[in-house]
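Please look at the chain shown here and keep it in view while you read. The notes that follow are grouped by topic.

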Amino acid sequence: MELLVDLMRQGPSRAAEAATAAAANAMEASGTNRAAFGRAGGLAAVMGLLRGGDPRMQENAMTCLWNLLTDNKEAEGELVRDPGSIPLIVQHVLTGTTAGQELAAGCLWKACSRDHAVKEQVGAAIPGLVQLLLAGGPGAKELAAGALRSACIGSHANRDAIRRCGGIAALLQVVRLGGRAAVQACAALTNACAESEHNQRAAEEEGAVPLLVAVLRDGVTHGGEGREMVECAVTGLRNLCDSNAGLQAELG
């Protein structure tokens, strides 16, 4: 891995691109290789390519970062400690390639789950994350919803930003689609409506209560994702109805 990292840092463009792809592939299913890549200074090399590479190089570098962070708490910690890393990943959510935006959303999800301190920086990515909910494929929708789910926890500013960007309606749209993305979207909606009267009202206007009731009815008859959806839907109804007599009456 040291040789690959050296090529990523100092090699000619084509060699650096090939080395980045090779490192990403080597880390995909190997915790040993992830640890070796980290020890060789791989995170700094990836960030350098994300700052200065062409779009194809940056997409390879984002794949490399995603694979590095998989089941790797040490790398997650290193990422959030680097003051320039989160804003750079946010930029790739907003302006990266299609695949790069999706992977950047996943990296922000991991960063938010790791450290609440980065949530203010992650807030700048919310317009891009909402756009992924609207226009991304199933994987992009899941990662974007997961990032929003984590970004909402403990952050009134991020909850407000989701509503202002049309995120409440977008999350409900993903819930209606079902699948893995719907679980994350339901959880993100739940967190977005916690202690937020404005978001509760926006969710009510978009038909959240009958949708979540339908999710409950459907989920109790299914295992796996169905059980997760039931938990998220119940918590969502709790948050929506908190101190809201109108919604309480609708649920009744």
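A residue is called buried when its relative accessible area is under 20%, exposed when it is over 50%, and partly exposed in between, using a 1.4 Å probe and protein chains only. This is a predicted model, in which local features need pLDDT of at least 70 and side-chain atom pairs count only at pLDDT 80 or more, while totals for chains, interfaces and linings use all residues. Residues are numbered from 1 along each chain as its sequence is written, and side-chain values use heavy atoms, with hydrogens and water left out.

**The whole chain**

- The protein chain has 18 helices and zero strands, where helices (H or I, at least four residues) and strands (E, at least two) are DSSP runs numbered from the N terminus.
- A compact globule of 252 residues would have a radius of gyration near 18 Å, and the protein chain, with 19 Å, agrees with this; the radius is taken over C-alpha atoms, and the globule rule is 2.2 Å times the number of residues to the power 0.38.
- Along the principal axes, the C-alpha atoms of the protein chain fill a box of roughly 65 × 35 × 30 Å.
- Of the 252 residues, 53% count as buried.
- Among contacts with a separation of 6 or more, 67% are between residues 24 or more positions apart, a contact being heavy atoms within 4.5 Å.

- Gln58 lies in helix 5, which covers residues 55-69, and Gln58 counts as buried because its relative accessibility is 18%.
- Apart from neighbours within four places in sequence, Gln58 is in contact with Leu49, Leu50, Arg51, Gly53 and His92.
- Asp71 lies in the loop between helix 5 and helix 6 (73-81), and Asp71 counts as exposed because its relative accessibility is 71%.

**Positive phi angles**

- Most residues other than glycine have a negative phi.
- Asp71, although not a glycine, has a positive phi of about 50°.
- Glu195, also a residue other than glycine, has a positive phi near 55°; Glu195 is found in the loop between helix 14 (180-192) and helix 15 (197-205), and Glu195 is exposed, with a relative accessible area of 61%.

**Helix 13**

- Helix 13 spans residues 167-177, and its buried residues include Gly167, Ile168, Ala170, Leu171, Leu172, Val174 and Val175.
- Ala169 also lies in helix 13, but Ala169 counts as partly exposed because its relative accessibility is 29%.
- Although Ala169 and Ala203 are 34 residues apart along the chain, their C-alpha atoms are separated by 7.3 Å.

**Cysteines**

- The count of disulfides comes to zero, a disulfide being a pair of cysteine sulfur atoms within 2.5 Å.
- Cys152 counts as buried because its relative accessibility is 0%, and Cys232 counts as buried because its relative accessibility is 10%.
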